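Please keep the display at hand while reading.

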Amino acid sequence: MGIENGGSRIREVSSLLRIFRILTVLPVFALLGGCQWVLLSPSGDVAVQQRNLMLASTALMLLVILPVMALTIFFAWRYRASARATYHPDWNHSLPLEVVIWSVPLLIIIIIGAMTWMGTHLLDPYRPLNRISAGKPTVEAKAGGNGVRKEPLVIQVVALDWKWLFLYPAQGIASLNEVVAPVDQPIEFRITASSVMNSLFIPALAGQIYAMPGMQTKLNAVINHPGDFEGFSANYSGAGFSDMRFRFHGVDDTAFGDWVQNAIRTGTPLGREEYLVLERPSEREPARQFRDVPSDLFGAILDMCVDPAKMCMRDMMAMDAKGGGGKEGIHIVAALEYDKSVRRGGQPMPPRPFVTAICTPTDVYGTAGATARVAN
């Protein structure tokens, strides 16, 4: 009798322990309930097409994975030690089985390859959008038969340490850690960085695109639903990387116009000197707007010559194309091409022009018309 009571108590304790383990797991599900599956439920047409490509590829691969997993369980059960399965010691080949094993995966690979190839070209971030959403092209049909293309909103993006600067050249404004765009308006991001390589990523809008100093990348996208979305850096760039986040606001045309006017009225000026101060590393900068942004500021950032004491990359490359910084560089150019035309059956090349003198920043900004002298 005592043994039976002891056994029943042990079973009760085991049941209580199982219930306790289940209860300890429930808070985890509560936390998961707050997750936003933004990649599976995006608000931009480009991100929707990327989502559809991912789901279609996954579904095609499951056509092989699920039967294999099911057959693994079936064979383990059918041919277990206690089962009386038919034994065929001389069986070694089945043509129908070989056809299924090889043709189905091959067909899936062909389909996925075609989908990936088409998606790679159609969703190229440099490619201008040909539609706003499914069934809504960027070209609006008119009564006369001639379509009018909806021009994109150009936003110039600069990845700073550790914050994001967005320039609106057509509006003459800029914003820090905040970007606003109208719904159903094509957007053309022109992206660069001030110091180290970075990556712009707005999951609800489109895929990520890298930002590199001295280079410009592009991202064409559109937001189809109003809302407040998260954007962040997807490439580690130093100590403040984890807080390098911003907000993307999709609004209607009226709200966008109001936001632009508010930036013009209340924003602080952003010239070259102010940019050089803003460029210094800082973390957790609040969102704010700027006005009176020079039209050539992004070009100077891209050419790495916002500071007037620095030579722009385009000027440096132009000098290199003419032989470098002085006569000392001529022998390098001559060594590379002295016999290039002759070896190919042509005439000797004429002498290359070269830079004979370089002006200093003081000469440029202090003396009007001071230029580098070029000799032939």
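Which residues are linked in a network of salt bridges? In this predicted model, the network is made up of E188, R190 and K218.

## The salt-bridge network

Side chains of opposite charge can pair when their charged atoms come close. E188 has a relative accessible area of 11% and is buried, whereas R190 is partly exposed at 27%.

## Further salt bridges

The structure holds 11 salt bridges. One of them joins E230 to R245, whose closest N and O atoms are 2.4 Å apart. Because E230 belongs to strand β13 (residues 227-233) and R245 to strand β14 (residues 245-251), this pair ties together parts that are 15 residues apart in sequence. Both residues are partly exposed: E230 has a relative accessible area of 34%, and R245 one of 42%.

Another salt bridge is formed by the side chains of D296 and R272, at 3.3 Å from N to O. D296 lies in the loop between β16 (288-291) and α6 (297-302), and R272 in helix α5 (residues 272-278); the pair links distant parts of the chain, 24 residues apart. D296 is partly exposed at 41% relative accessibility, and R272 is partly exposed at 29%.

## The disulfide

A disulfide is a covalent bond between the sulfur atoms of two cysteines. A search of the whole structure finds 1 disulfide, which joins C305 to C312 with an S to S distance of 1.9 Å. The torsion about the S-S bond of C305 and C312 is about 80°, and the disulfide is therefore right-handed. Both C305 and C312 are buried.

Definitions and conventions. Residues numbered from 1 in each chain as written. Predicted model: local features only at pLDDT ≥ 70, side-chain atom pairs only at ≥ 80, totals over all residues. Heavy atoms only, no water. Disulfide = S-S within 2.5 Å. Buried < 20%, exposed > 50% of the residue type's maximum accessible area, 1.4 Å probe, protein only. Salt bridge = Lys/Arg side-chain N within 4 Å of Asp/Glu carboxyl O. Helix = DSSP H or I, 4+ residues; strand = E, 2+ residues; numbered from the N terminus.
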